[in-house]
Amino acid sequence: MLVVLLVLVVALRLPSLFEPYWYGDEQIYLAIGQGIRKGLVLYRDITDYPNKPPLIYLLAAVAGSVFWFKFMLLMWNAVHVVVVNLLLKKLWGGKKWLVGAGTAVFILLTSLPMLEGNVANGEMFMTMPVTLAMLLLWKAQYFAAGLMLALGFLVKIPVAADIAAAGLIFWICKHSLRGIVSFGLGLGIPIAVVLGVWYGMGVAPMDLMKNMLGSSGYVTSYPLAPRLMLVTGLSLGVYLMRKKLGQELVWAGLWLMWALFGATLSGRPYPHYFIQIVVPVIVTAGVIVADRENR
């Protein structure tokens, strides 16, 4: 089944490899990437506004052209399909139809143009490590989960919302202090390494953070407080109803609510922002369906 689904991914994405240049973000990433390939230091010698964290630019630098950038995305998405399939098997391994349906829905939503899944954008690259992190968190592999969330954050800052969800999952599901420390180390080490590397290239840590978080200007253009209050209140409701909801629905619901918060940070109507909620929606819907079947 998984092989068939991966063939579907390739079939849906193959035409995107031969599309003409048409999406500005891809060109910006590749232009910055070309500067990096020529020896310019990101955030010091060459920059973007608003800036993103460094990994999306480094991926574009490795790709070097639109064709190879989209080929990289094809392979990245294929890996994401495998991760989603493993996550759904972990949750509902006994319900093969649900695992297959959930994986197929993921492929369609992330590969067809309706959510701009055919564009090599930050959301497409940041979500795979987030999904892997949630799988690792469910398997109690805390350090690796933190590491994956850090990598996602180093692609684009809305992953901060997924990190908040993971923190609440720790608190509500009462994971051990040792697990929290391991998770924190996994989360902090890659970010510290990035700060250290750029410091060695002449970019002060505070300047680097200001550049990396340049997209936060989007947030200030749209009221943040009401949405933050709403998602916090809903999280409190989940906490109060945790025994009735069960661990799977608590985990999925928190992830979905905070991922939606992250996807709507800027308040802008770009379809690719909603790539961030595709997996949490599938997981939450699947948990509800599986629960009804088990009654």
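Let me start with the radius of gyration. A compact globule of 295 residues would have a value near 19 Å, and this chain has 19 Å, so the two agree. Keep in mind that this is a predicted model.

Next, the extent of the chain. Along the principal axes, the C-alpha trace spans about 60 × 40 × 35 Å. The secondary structure is quickly listed: 15 helices and 0 strands.

How much of the chain is buried? Of the 295 residues, 51% count as buried. As for contacts, take those between residues at least 6 apart in sequence: 77% of them join residues at least 24 apart.

Now the surface. The accessible area of the chain comes to about 13500 Å². Carbon and sulfur atoms account for 71% of that. On charges, the chain has 22 positive and 12 negative ones, and their mean positions are 10 Å apart.

I will move on to individual residues, beginning with the backbone. Most residues other than glycine have a negative phi.

One is E116, with a positive phi near 60 degrees. You will find E116 in the loop between α5, residues 96-111, and α6, residues 122-138. Is E116 buried or exposed? The cut-off for buried is under 20% relative accessible area. E116 has 14%, and therefore counts as buried.

The other is A140, where phi is also positive, near 65 degrees. A140 sits in the loop between α6 and α7, the latter being residues 142-153. Its relative accessible area is 41%, so A140 is partly exposed. To spell out the range, partly exposed covers what lies between the buried cut-off of under 20% and the exposed cut-off of over 50%.

Last, a residue within a helix. T284 belongs to α15, which covers residues 278-294. With a relative accessibility of 10%, T284 counts as buried.

What lies 2.8 Å from a polar atom of the T284 side chain? That is the backbone oxygen of P280. And which residues does T284 touch, leaving out those up to four places away in sequence? They are L249, A252, G253 and L256.

To go back over the main points: the model is predicted, the chain has 15 helices and 0 strands, and its radius of gyration agrees with that of a compact globule. For the residues, E116 and A140 have positive phi values, and T284 is buried in terms of accessibility. That is what I have for today.

Terms used: Residues numbered from 1 in each chain as written. Predicted model: local features only at pLDDT ≥ 70, side-chain atom pairs only at ≥ 80, totals over all residues. Heavy atoms only, no water. Helix = DSSP H or I, 4+ residues; strand = E, 2+ residues; numbered from the N terminus. Rg over C-alpha atoms; globule rule 2.2 N^0.38 Å. Buried < 20%, exposed > 50% of the residue type's maximum accessible area, 1.4 Å probe, protein only. Contact = heavy atoms within 4.5 Å. Areas by Shrake-Rupley, 256 points an atom, 1.4 Å probe, with all protein chains shown as cover. Lys, Arg positive; Asp, Glu negative; His and termini not counted. Charge placed at Lys NZ, Arg CZ, Asp CG, Glu CD. Polar contact = N/O pair within 3.5 Å; in protein donor to acceptor, adjacent residues only side chain to side chain.
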